[in-house]
Structure formats: C-alpha cells, structure tokens
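The entries below follow the order in which I looked things up.

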Amino acid sequence: MKKLLLLAVSTMLLASLSAQAQIVRLRGTITSLDGDVLSVKTREGKDIKLQLAPDAQVVTTKKVSADEFKPGSYVGVTSLKGPDGHLVAKRVHALGPQVPQMHGAWDSIPGSTMTNSNITGITRMGSGSELTLKNKDGEQKILVNSATEYYNFVAGTRADLKPGETIFSGARVGNDGKFVTPRVAVSKDGVNPPQ
C-alpha cells in the first residue's frame, strides 16, 4: 500500500512539475513596461502580463547578410515547402547555445517549419544555395534564395522595451497562469524579431 501511495504522490509531483515547466511562444506589441512586468497585446489580440526574470536578457533584432552565416554557425531556419516539396528558407537567424535543437512545425508563418541546427554545408545551386543542417532529429537540406532574410541579435537593455515595439519570447507558464521569461527579443528600427 505504501508503495502504491508513493507512486501516486510521485506521479502527481511529476505532473505538477511538468505543468510548471510549460513553455509558450509569445509574440505581440508592447503596451507598457512597469518595473519587471511587460504588458503585451499578443498577435491574437489578448492583453497579457509578462514577468521579466530579474536577470532577463533583452536583445534587439537587426537584418544582416548571408555572409554572416558559415558552416558551423548555429541557426534557426524558418522554412516553407516549395512546389517541388523541398524546404525553402524564409528566414535564417542566429541562435545562442542555450536554444535546443529541433526540426518541426512552427507557428510564425502558417504552414512553416523551424529547424534549429548547425550548418554543416553550403552548396551553390542556381541563383541560390542549399544549406545542409544536422541536429538530433537528423539532416535537413533547405534552399535559400534572394527572398531569404537573415537576422542577428544585438544586446539591448530594458530601455529598448518601448510601447509600440514588437517582441518574441519563450515564456514559462506557472500553475498560477503567469508568464515568466528569461529573454525577450524586441524590434528595433523597424526590424521585427524573426521567430
């Protein structure tokens, strides 16, 4: 009986920890900043409060050229399937080492895929190139062309969190429903976060 009770308590504790660790992607427009609380109107039209961790990192977004990305670069690639079924990159952006590897459905552009991987090769193809990306989910080959946009991030400050700027953040949702984040990417000079 004790083992059964211990198993039940352990299962409830794991479920509780799992719920506490839920991460959601937040995108929207800043309406205000009050201390550590960032008020945002999401792209779905909801008003939310985003609690900034005391040491929260703020980064601003800038457009860069493809030349900034070489084999070995750790990148996030937002892509769509082309008419021939190949993935075609819409956006390529730099990633920090803390971002987990992945290849799967993404929600920044309807029908898009996100691939977080190291570039292992770049091959010229016609008027574009093909990126070879390897991560824990395997190898992907993604075409880049003249329409592909490239982004990097620059260290910012809370002074960059101004009303009217757009943000992207991966926030943890606690059991109380509050959003808490260690990092916010914010638009600057009209360049929105690419995620």
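**Entry 1: ground rules.** I am working with a predicted model, in which local features need pLDDT of at least 70 and side-chain atom pairs count only at pLDDT 80 or more, while totals for chains, interfaces and linings use all residues. Residues are numbered from 1 along each chain as its sequence is written, and side-chain values use heavy atoms, with hydrogens and water left out.

**Entry 2: confidence.** I looked up the pLDDT (the predictor's confidence in each residue, from 0 to 100) and found a chain mean of 88, with 89% of the residues reaching 70 or more. Over residues 1-20 the pLDDT is below 50, and this stretch has seven contacts in the model beyond near neighbours in sequence, a contact being heavy atoms within 4.5 Å.

**Entry 3: overall make-up.** Among contacts in the chain with a separation of 6 or more, 60% are between residues 24 or more positions apart. I use buried for under 20% relative accessible area, exposed for over 50% and partly exposed for what lies in between (1.4 Å probe, protein chains only); 42% of the 195 residues count as buried. The chain exposes about 11000 Å², of which carbon and sulfur atoms supply 57%, with areas from the Shrake-Rupley method, a 1.4 Å probe and, for residues, only the protein chains shown as cover.

Entry 4: The largest has 18 residues, and L26, L38, L50, L161, I167 and F179 touch the most other members. Two or more residues each come from β1 (22-34), β2 (37-42), β3, β11 (166-173) and β12, and the largest share, six residues, belongs to β3. I then listed the contacts of L161 other than residues up to four places away in sequence, and these are I30, L33, L38, L52, V58, V184 and V186. A second, separate core of 14 residues includes I119, L131, I142 and V144. For background, in soluble globular proteins nonpolar side chains tend to be buried together.

**Entry 5: salt bridges.** I counted a salt bridge wherever a side-chain nitrogen of Lys or Arg lies within 4 Å of a carboxyl oxygen of Asp or Glu, and the count comes to ten. D47 pairs with K41, the closest N and O atoms being 3.1 Å apart; D47 is exposed at 59% relative accessibility, whereas K41 is partly exposed at 35%. R43 and E44 meet at 3.3 Å, N to O, with R43 partly exposed at 45% and E44 exposed at 57%. K63 and E149 meet at 3.7 Å, N to O. K63 lies in strand β3 (residues 47-64) and E149 in strand β10 (residues 149-155), so this pair ties together parts that are 86 residues apart in sequence. Salt bridges that share partners also join R25, R27 and D107 into one network.

Entry 6: Is S108 buried or exposed? At 15% relative accessibility S108 counts as buried, although it sits in the loop between β6 (102-105) and β7 (113-125). Its side chain makes a polar contact with that of W106 at 3.5 Å; I required a pair of N or O atoms within 3.5 Å, within protein one able to donate a hydrogen and the other to accept it, and residues adjacent in sequence counted only if both atoms are side-chain atoms. Leaving out residues up to four places away in sequence, S108 touches R27, R43, T78, R91 and Q195. T166, in strand β11, has a polar contact of 2.8 Å between its side chain and that of N192. Beyond neighbours within four places in sequence, the contacts of T166 include G28, T29, A185 and P193.

**Entry 7: a backbone angle.** I noted that phi of D189 is near 55°, a positive value in a residue other than glycine. Most residues other than glycine have a negative phi. D189 lies in the segment after β12 (179-186) and is exposed, with a relative accessible area of 73%.

Methods:
Helices (H or I, at least four residues) and strands (E, at least two) are DSSP runs, numbered from the N terminus. A nonpolar core is a set of buried Ala, Val, Leu, Ile, Met, Phe, Trp, Tyr and Cys residues joined through side-chain atoms within 4.5 Å.
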